[in-house]
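Dear colleague,

Please find below the structure I am handing over to you. My findings follow directly after it.

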Amino acid sequence: MLNQKGTSSDASTVKVKPEYNELSYLVTRQCLHQEEFNQLSQYDRVKPTPAESLINSVREFRCFQTFLGFIPILQWLPKYSLKRDLMGDITAGVTTAVMHIPQGMAYGLLAGVPANVGLYMAFFHCLTYAVFGTSRHISVGTFAVVSLMTAKVVATYSTVVPAVINGTDALLPPADPTEPIYTPIQVATAVSFVAGCFHIVMSLIRLGTLSALLSEPLVSGFTTAAAIHVLVSQLKDLLGVSIPRYKGAFKNIFSMRDIIEQVPNSNLSAVYTSTIVILFMIFMNEYMKPWASKKCKFPIPAELLVVVGGTAASYFIGLGPNFGVTLVGVIPVGLPAPEMPPLALIKLVAVDTIALTIVSYSIVMSMGLIFAQKENYEVRANQELIAMGATNIFGSFFSCIPTACSLSRSLIQHQAGGKTQITGVVSSMLILVVLLWVGPYFETLPRCVLASIIFVALKGMLWQVKHIKKFHLEGTLELFVWLVTFLSVVIIDIDIGLLVGVLFSLVALYIKGWKTYYSLLGTVPETAIYVDIGSHHRAEEVPHVKIFKYSGPINFASKATFKRALTKEVGIDQSLVHRASRYDAAGEGAGLQLIKTVIIDLSSVAHIDTAACKTFSEIKKEMAAVGVATLIANPSDNVYDTLLHAESIGEGGFHIFPTIHDAVLYAQGAVSAV
């Protein structure tokens, strides 16, 4: 019989007996073993064989539905509402296209390829993602971190040396004529192709949740450190100096050394231009944009104003030929001809592309989920892998680098009223106009202007250093992961630092999983509710019964920890029982309670293995040797199945109960029967 009553008490009083209200209920049933309860509930633990699972999958396969799922535009486009969605998509598309122009050119240069590559991405990537993607609000294309990771691979495998001739970039062949010549754009497209293939493979083997390995401290530390890399890479353009490019570990340190040495040789015209642009952008971002956002829905295109103004000023003043300021250079008219990346390069860049693949997908997926939660729609993880794979592979044939999504463009696209992927189509059409007719007008744009735009855009990423305080409050492990990731990326290199961060994040996850909680349970009077006697001061232990609760998996690695914890909490050993027997015989042990039963509560144990079952058998035998019965209570279905499997191989013979109270009633009945 279980008698439970609802309670209400004043939270401000402690250790005061609560007053019971009239809400009470009475449950009466027989004491059940787990096997009896499973028969009553008709529990079926039979699982289908692999062959049966395959047959069921084939039987449930629907070709047309699968095809529609593979190309999501076929699902949502027929339901598209011109009245409800079109104006918002057009407004957001125009707004996003305006941002694509300066960001695409800036991040194209950041990746070590010509500026027009960023515009190609704004056209090809947006169109492809609109067909295959499931997020309605992210703006795919260039992103600072991915561009920087691409630049690292480009610097490693491209065999041309950049040189400045008459203020524009030119390419000189390597000193060794036998060395194969790979241009930066060939390396970048090879990286894009390989990244796309990796995304497709990840989708086929259902690795859509792989981005979950990148914890918040890891992502924050990595992106903050990557912002430092971006900043260092742009300093030479801000100052108008030329320094060698370095490959491999510690290149940030070497680059900073050279930049400091070159500061006296800075081009003052580039420095003045950079300073003016940076101050203008800060004023626009901090004061004008917030003010204008309250007045109209269309944001001020500050970046585009800077690009247009910088191009016009450079053209009329002659910053390139007259003052030696490095310019963007030739921007071809039209779209690039399709070209397959060199097969030899695909093999070379495969390993270096792994980290970039995971980072780009994590950025896209995290941003997609943010907007999906706000607007209440679904973003499918594996379909996003297919979308990124198709986007990268298709783009690699048209001089595009790997794609991601921009945080700033995505936020603007959402705020401007974008409703569907049609926003990307509208944006790409406007970019096409720029590529076909407007592009050459930006050839006189100083590179220091684009570097200044990137410099100001890094504020949000650099400001993530304030997260240190938050992670410190969350726990030492979170702070440690952030610091290790940040320092590894800044000091060593991006890909190596990311690998170090992932490893430390997994170690932190393992340590958290290794931590266990255990306690002895007692019952609160008149409730039959079992709680930790260390935390609930009115809880009382059941006479002659020790109830031990363990939280965490019990397996070959943690079985010793579990057994030590149980022995410590229960406190049963041979000498204790002998002493208790002598005290009772002499009439001296009135205060010493002799334990008859130990109940192991497995309600918070998610997984056990055969080694754990063997440990249970050892505990049962050791307890039986001193006259103590061992019972198991409240296992989950999968834990119960493991216990049954252990019995089939000769381990066990356990007394298992569906609840703690069933085990307590059984123990009390056994004691009274003695």
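**Helix pair H14 and H15**

The crossing of helices H14 and H15 is right-handed. Please bear in mind that the model is a predicted one. H14 spans residues 343-375 and H15 spans residues 381-396; their axes come within 11 Å and cross at roughly 125°. Because angles from 65 to 115 degrees count as roughly perpendicular and those over 145 as roughly antiparallel, H14 and H15 are oblique to each other. On the H14 side, the residues in contact are Ser360, Tyr361, Val364 and Met365, and they meet Ala381, Glu384, Leu385 and Met388 of H15. Sorted by class, this contact comprises six nonpolar residues, one polar residue and one charged residue.

**Val145**

Val145 belongs to helix H7, which covers residues 144-157. Its relative accessibility is 1%, so Val145 counts as buried, the cut-off being under 20%. Leaving aside residues up to four places away in sequence, Val145 touches Phe222, Ala226, Val359 and Met461. Val145 and Val230 are 85 residues apart in sequence, while their C-alpha atoms are 7.7 Å apart in space.

**The six-stranded sheet**

An open sheet with mixed pairing is formed by six strands, in the order E8-E7-E9-E10-E11-E12. At its edges lie strand E8 (530-532) and strand E12 (655-657), each of which pairs on one side only. On average, and with direction ignored, neighbouring strands of this sheet are turned by 30° against each other. Strand E7 (residues 517-523) pairs with E8 in the antiparallel sense over three bridges. Thr523 stands opposite Tyr530 in E8.

With kind regards

Technical notes:
Residues numbered from 1 in each chain as written. Predicted model: local features only at pLDDT ≥ 70, side-chain atom pairs only at ≥ 80, totals over all residues. Heavy atoms only, no water. Axes fitted to C-alpha atoms, helices over the stretch in contact; angles between N-to-C directions. Helix = DSSP H or I, 4+ residues; strand = E, 2+ residues; numbered from the N terminus. Parallel < 35°, antiparallel > 145°, perpendicular 65-115°, else oblique. Left-handed = near helix turned anticlockwise from the far one by under 90°. Contact = heavy atoms within 4.5 Å. Nonpolar A, V, L, I, M, F, W, Y, C, P; charged D, E, K, R; others polar. Buried < 20%, exposed > 50% of the residue type's maximum accessible area, 1.4 Å probe, protein only. Pairing = 2+ DSSP bridges.
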